[in-house]
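Here is a short note to read beside the model. Keep the sequence and the 3D view open as you go through the points.

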Amino acid sequence: MKLLLNALVKYIFGLVLVGVLLFLPAGTLNYINGWLFIGLLFIPIFILGAVLYLKSPQLLEKRLNSKEKETTQKGVVAVAGVLFVTGFVVAGLDYRFNWSFVPDWLVIIASAILLVSYLLYAEVMRENIYLSRTIEVQKDQKIIDTGLYGIVRHPMYAVTILLFLSIPVILGSLWALLCFLPYVAVIVVRIKNEEQVLSKELNGYKEYKTRVKYRLIPFVW
């Protein structure tokens, strides 16, 4: 029950926060792209959360824990938070003052990318029972090198980048896209620090890096 209440409180808080950040700057509730994004974001989150609660409550608990211990990761989380808040506010202002235009066909493509990203996100969580929102090595943790983890070492971050870069397009704002783009650099910093921790504390991780050479994008990095 405690886990359920924690999940519901964070879900409702996130829903209200995103709504305020989008519709208040937009100056209206008739921001259709804003409602589209909220539906695409929070309906799958609800479904995924319900599945985790029923099938893997321990993993859900890990995903709800966002308190970082590493100093570098605390900075990464703070910067990412600023980028997201700025991006949502700019998207709302963009709609209000018509700063930019995104065609409907591109919004549809971005929506499809977001939904596919959720499916890949769910697959990563299915493959890796140790997946946590914080950088830590858990008791009896083992190397996962199958599925998507056999292609890149950090499939969750690769999926996250796809998901988040689709957001400003769905919101119909090119200016918001500029606000979200630095998130890629934030992820790079997070990965480098995470790999330092894992190389020191997780048995077999150094060998895993030699088997799977690419961190984020195959044949690129």
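1. Start with a serine. The side chain of Ser 199 reaches the backbone oxygen of Glu 195 at 2.7 Å. That is a polar contact (a pair of N or O atoms within 3.5 Å; within protein, one must be able to donate a hydrogen and the other to accept it, and residues adjacent in sequence count only if both atoms are side-chain atoms). Ser 199 lies in helix H8, residues 183-201. Helices here are DSSP runs of H or I with at least four residues, numbered from the N terminus.

2. This is a predicted model, in which local features need pLDDT of at least 70 and side-chain atom pairs count only at pLDDT 80 or more, while totals for chains, interfaces and linings use all residues. Residues are numbered from 1 along each chain as its sequence is written, and side-chain values use heavy atoms, with hydrogens and water left out.

3. How confident is the predictor? pLDDT, its confidence in each residue, runs from 0 to 100. The chain has a mean pLDDT of 86, and 89% of its residues reach 70 or more. Among the elements, helix H3 (residues 57-64) has the lowest mean, 69. Helix H7 (residues 174-180) has the highest, 95.

4. Back to Ser 199. Its relative accessibility is 16%, so Ser 199 counts as buried. Buried means under 20% relative accessible area, exposed over 50%, and partly exposed in between (1.4 Å probe, protein chains only). Leaving out residues up to four places away in sequence, Ser 199 touches Tyr 205, Lys 206 and Lys 209. Contact means heavy atoms within 4.5 Å.

5. Now the charged pairs. Side chains of opposite charge can pair when their charged atoms come close. The structure holds two salt bridges. Each is a side-chain nitrogen of Lys or Arg within 4 Å of a carboxyl oxygen of Asp or Glu.

6. Glu 195 pairs with Arg 153, with the closest N and O atoms 2.7 Å apart. Glu 195 is in helix H8 and Arg 153 is in the loop between helix H5 (104-127) and H6, so the bridge ties together parts 42 residues apart in sequence. Both Glu 195 and Arg 153 are buried.

7. Which other residue forms a salt bridge with Glu 195? Arg 215 does, with the closest N and O atoms 3.1 Å apart. Arg 215 sits in the segment after helix H9 (205-211), 20 residues from Glu 195. Arg 215 is partly exposed, at 23% relative accessible area. Shared partners join Arg 153, Glu 195 and Arg 215 into one network.

Methods:
pLDDT = per-residue confidence, 0-100. Helix = DSSP H or I, 4+ residues; strand = E, 2+ residues; numbered from the N terminus.
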